[in-house]
Amino acid sequence: RSRQVLSSNLYFNPREAFEVSGFGTAKGLQVFLRDEGVSAKLDSLQMLVSQYDSQEEGALTRDDFMQLVLPSEDIALREEALLRNNVFPSALRLPLAEHIFLEASCQDQLAILKKELNMRYDFNFLDAFRAVDQYRLNFVTPIALTEFLRKFGYDLSDQDIDAIIRRIDTDGDTRLSYAEFSEGISTGEQRWVVKSPQKSFKENSVSRSSSVRAKLFTLKDEVLQKAIQAFNTQILIEKEVEEAREDLGEQPDFTTVDLFRALDVDNKGFVTANDIEELLSELQVSFLPDDVYLLVRQYSSVQDSRVRFSDLERMWVPKQYKNAILSRSPLRVPPLYPLEAFSALTVKKIALVFSLLLRAERRAEDIRHSLLDGTNLYDLFQSINLSSDGYISSEEFLRIFRDYGINLSPRDIEKLVERYDKNMDKR
């Protein structure tokens with residue numbers, strides 16, 4: 001509303017306002033507000049700048065400033081204001097200062113609420129995300145956010161909901177990913193979104209001739225060691241999963257088609273978390289809904305909370321037995337009971353693989369949380385990316401592990417990279 005009122009004044013020139021108010025720095029904004037008799041703490045203004053700073057350079061660009069002062073919903077008014085080229089009138093300095101102060105106060109209130117939320121003993125980011133993402137889409141839509149808030153008596157307009165989404169939505173797709181959601185409600189002590197390594201490597205190139213040991217000490221040694229130990233534990237669990245898959249793959253009656261049928265009992269053409277939970281209950285495998293959610297998120301190639309047949313193959317088929325398993329013929333007529341296609345021993349082995357898959361996802365999530373606890377993820381990335389090319393390869397992981405006295409096979413490292421390699425380019 002403050003932006004609407006400010007921009008409705010025919011003499012408000014937002015481009016001139018950028019220069020008048022201190023060129024987008026927190027200190028410049030503080031001086032401008034002080035000159036207009038408005039007092040604001042520098043910390044509050046720094047939080048404000050951080051909120052709108054798209055380049056993460058500690059200051060607002062001219063475009064960032066436009067996001068701060070112009071209305072988001074009224075596109076016509078926004079475009080009209082951008083066309084103005086008059087000198088900024090002194091009479092609008094105080095209204096502009098009051099708007100900036102209002103935005104800074106909002107950041108103060110948000111910081112307090114976030115701190116209170118993050119300090120609660122029963123709070124964690126995953127459960128919070130799950131509570132809002134009630135349809136398990138792996139992202140929060142405006143509709144999901146509206147329905148969640150209404151449950152607690154907050155009936156917001158569509159414009160208000162859109163404003164909340166836009167404030168947190170960093171990639172502009174009008175929905176919130178887990179990372180965006182977590183970043184939006186965190187205190188800032190956890191680093192959920194990291195600057196693009198590519199950009200930073202271009203700006204601050206490191207000589208490729210640097211020794212491995214020199215690279216390792218760009219980060220505190222104990223922090224890197226903590227990460228290596230965490231990843232090593234993950235690799236050990238992945239090896240257990242792979243061994244269980246191979247053991248299952250030796251069963252002549254095991255086919256991925258029959259397993260997919262056992263999960264997709266409604267013939268939807270995909271599998272959801274609910275489908276997996278129902279089969280886990282049939283198998284008498286204990287599970288937490290959050291772990292099933294993580295499993296679906298890991299293997300859903302389209303990231304839409306649906307596991308397709310190709311995703312199921314990645315989840316269940318070991319490389320060593322891929323040709324043998326895929327060449328087997330499934331039952332011509334699907335059985336009435338989902339697991340009738342398999343022998344009792346095969347069912348037992350399917351249950352074991354499921355159990356280990358869920359355990360692997362829980363461990364991966366624990367690793368993410370442990371690394372976010374006071375760890376600078378960008379520095380950690382640089383310390384492992386020995387070639388400074390903006391990507392971590394299997395060879396670089398292998399060298400780092402060996403430097404810490406952990407000898408792993410190339411296949412072990414390959415499995416680790418596969419877990420976190422979303423575009424499947426093996427790095």
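Which residues in α7 are buried? The views below start there, in a model that is predicted.

**View 1. Helix α7 and its buried residues.** Here is the answer: L96, A97, H99, I100, E103, A104, S105, Q107 and N118 are buried in α7.

**View 2. The largest nonpolar core.** This core has 39 residues, and L259, I276, L283, W316, I350 and F354 touch the most other members. At least two residues of the core come from each of α14 (221–249), α15 (256–263), α16, α17 (289–299), α18 (309–316) and α20 (344–372). The largest share, nine residues, is supplied by α20. As general background, nonpolar side chains tend to be buried together in soluble globular proteins.

**View 3. A closer look at L259, and a second core.** Setting aside residues up to four places away in sequence, L259 touches F254, L279, L312, W316, F342 and I350. A second, separate core of 27 residues also exists, and L33, M66, L92 and I100 are among its members.

**View 4. A273 in helix α16.** A273 lies in α16, a helix made of residues 273–283. Is A273 buried or exposed? Its relative accessible area is 6%, under the 20% cut-off, so A273 is buried. Beyond its neighbours within four places in sequence, A273 is in contact with R136, V292 and V296. From A273 to S301 is 28 residues in sequence and 14 Å in space, C-alpha to C-alpha.

**View 5. G58 in a loop.** G58 sits in the loop between α4 (42–52) and α5 (62–69). Its relative accessible area is 51%, so G58 counts as exposed, the cut-off being over 50%. Not counting residues up to four places away in sequence, G58 touches V49 and D53. G58 and R167 are 109 residues apart in sequence, yet 18 Å apart in space, C-alpha to C-alpha.

**View 6. How confident is the predictor?** The protein chain averages a pLDDT of 83, and 91% of the residues score at least 70. Over residues 190–219, pLDDT stays under 50, and the model has 66 contacts beyond four places in sequence for this stretch. Where pLDDT is low, the predicted coordinates should not be read in detail.

Note on methods
Residues are numbered from 1 along each chain as its sequence is written. This is a predicted model: local features need pLDDT of at least 70, side-chain atom pairs count only at pLDDT 80 or more; totals for chains, interfaces and linings use all residues. Side-chain values use heavy atoms; hydrogens and water are left out. Helices (H or I, at least four residues) and strands (E, at least two) are DSSP runs, numbered from the N terminus. Buried means under 20% relative accessible area, exposed over 50%, partly exposed in between (1.4 Å probe, protein chains only). Contact means heavy atoms within 4.5 Å. A nonpolar core is a set of buried Ala, Val, Leu, Ile, Met, Phe, Trp, Tyr and Cys residues joined through side-chain atoms within 4.5 Å. pLDDT is the predictor's confidence in each residue, from 0 to 100.
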